[in-house]
Amino acid sequence: MAVILYSYRRCPYAMRARSALILSKVIFEVREISLRNKPPSFLAYSPKGTVPILVMPDQSIIDQSLDIMDWALHQPDARNYLPDDEESKLFTRKWIMANDDSFKHLLDAYKYPERYVEITQENSLACALETYLLPLNQLLVQQPFLLGGYFQLVDLAIFPFIRQFAMVDLERFKQLPLPYLQKWLNFFLQSELFEQVMTKYPLWIDPKLTLTNS
Ligand SMILES: N[C@@H](CCC(=O)N[C@@H](CS)C(=O)NCC(=O)O)C(=O)O
């Protein structure tokens, strides 16, 4: 029995979960949902109502994207994508935390400036650049991926958010002094993996329950 992923195509959290599930070679059914009209079955599994959630055959759920990645990358075919020593594990945790906390806030402020009165769009760009994007670019000067010669959990967890940042104003992003980060992002955007991650699915609609008289 396949696991089920409630997902939203353009959500960066769902994208990172889908990339790990694809690499794990686990068979999973994608249920693409509307965030404006969440299906009752999705809310029944997870009342907090955020995608992605993974539903296991025993009906238990994993409702955080990083936990879904962790589960998927622990499958036999995907363990190479996990950091294997203490230093790499710490590095992975540090950069993902910085992504999910401070960078995500700056990304939202940059993407939706009208919602943030406390910071201008220019300042959110400058701050993101200084605190996160330039340091990431620096890490990539000597190696193509964040932990060396091949991509791992840390790259997979972060790239959908860098993509979202770049897409706010692609021409502007191309002008930023981030040549190594741009190359790293392009690798993912041009990859077969990304093509699979962005597969389009029809909107999931819960089947109607039919009551039968016995
Ligand atoms: N911490 C969660 C965050 C997931 C999240 O915030 N997803 C957004 C979409 S990108 C969501 O579902 N928001 C709920 C909504 O828009 O109603 C995770 O890592 O899975």
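1. Glu-29 is partly exposed, with a relative accessible area of 32%. Here buried means under 20% relative accessible area, exposed means over 50%, and partly exposed lies in between (1.4 Å probe, protein chains only). Glu-29 sits in strand E2, residues 28-32. Strands (E, at least two residues) and helices (H or I, at least four) are DSSP runs, numbered from the N terminus.

2. This is a predicted model, in which local features need pLDDT of at least 70, side-chain atom pairs count only at pLDDT 80 or more, and totals for chains, interfaces and linings use all residues. Residues are numbered from 1 along each chain as its sequence is written, and side-chain values use heavy atoms, with hydrogens and water left out.

3. What does Glu-29 touch, not counting residues up to four places away in sequence? Its contacts (heavy atoms within 4.5 Å) are Ala-2, Val-3, Ile-4, Leu-5 and Trp-204. Asn-99 is 70 residues from Glu-29 in sequence and 28 Å away in space, C-alpha to C-alpha.

4. The largest pocket holds about 760 Å³ of space. Its lining has 28 residues, and Cys-11, Pro-12, Tyr-13, Lys-104 and Gln-164 are the closest to its centre. A pocket is an open set of points on a 1 Å grid over the protein atoms alone, where a 1.4 Å probe fits, with protein on both sides within 12 Å along at least five of seven lines; lining residues have an atom within 4 Å of a point. Points are joined across faces, edges and corners, and a volume is the space filled by probe spheres set on them.

5. Which elements give two or more residues to the lining of the largest pocket? They are helices H1 (12-24), H3 (65-73), H4 (86-111) and H6 (153-168). H6 gives the most, five residues.

6. Why does the largest pocket lie between domain 1 (3-79) and domain 2 (81-191)? Both domains give residues to its lining, so it lies between them. The domain bounds come from an automatic or database domain assignment.

7. By class, the lining of the largest pocket has 12 nonpolar, five polar and 11 charged residues. Ala, Val, Leu, Ile, Met, Phe, Trp, Tyr, Cys and Pro count as nonpolar; Asp, Glu, Lys and Arg are charged; the others, Gly among them, are polar.

8. The second largest pocket has a volume of about 300 Å³. Of its 14 lining residues, Asp-70, Thr-92, Arg-93, Ile-96 and Leu-153 lie nearest its centre. H4 supplies the largest share of this lining, six residues. Domain 1 and domain 2 each provide at least three.
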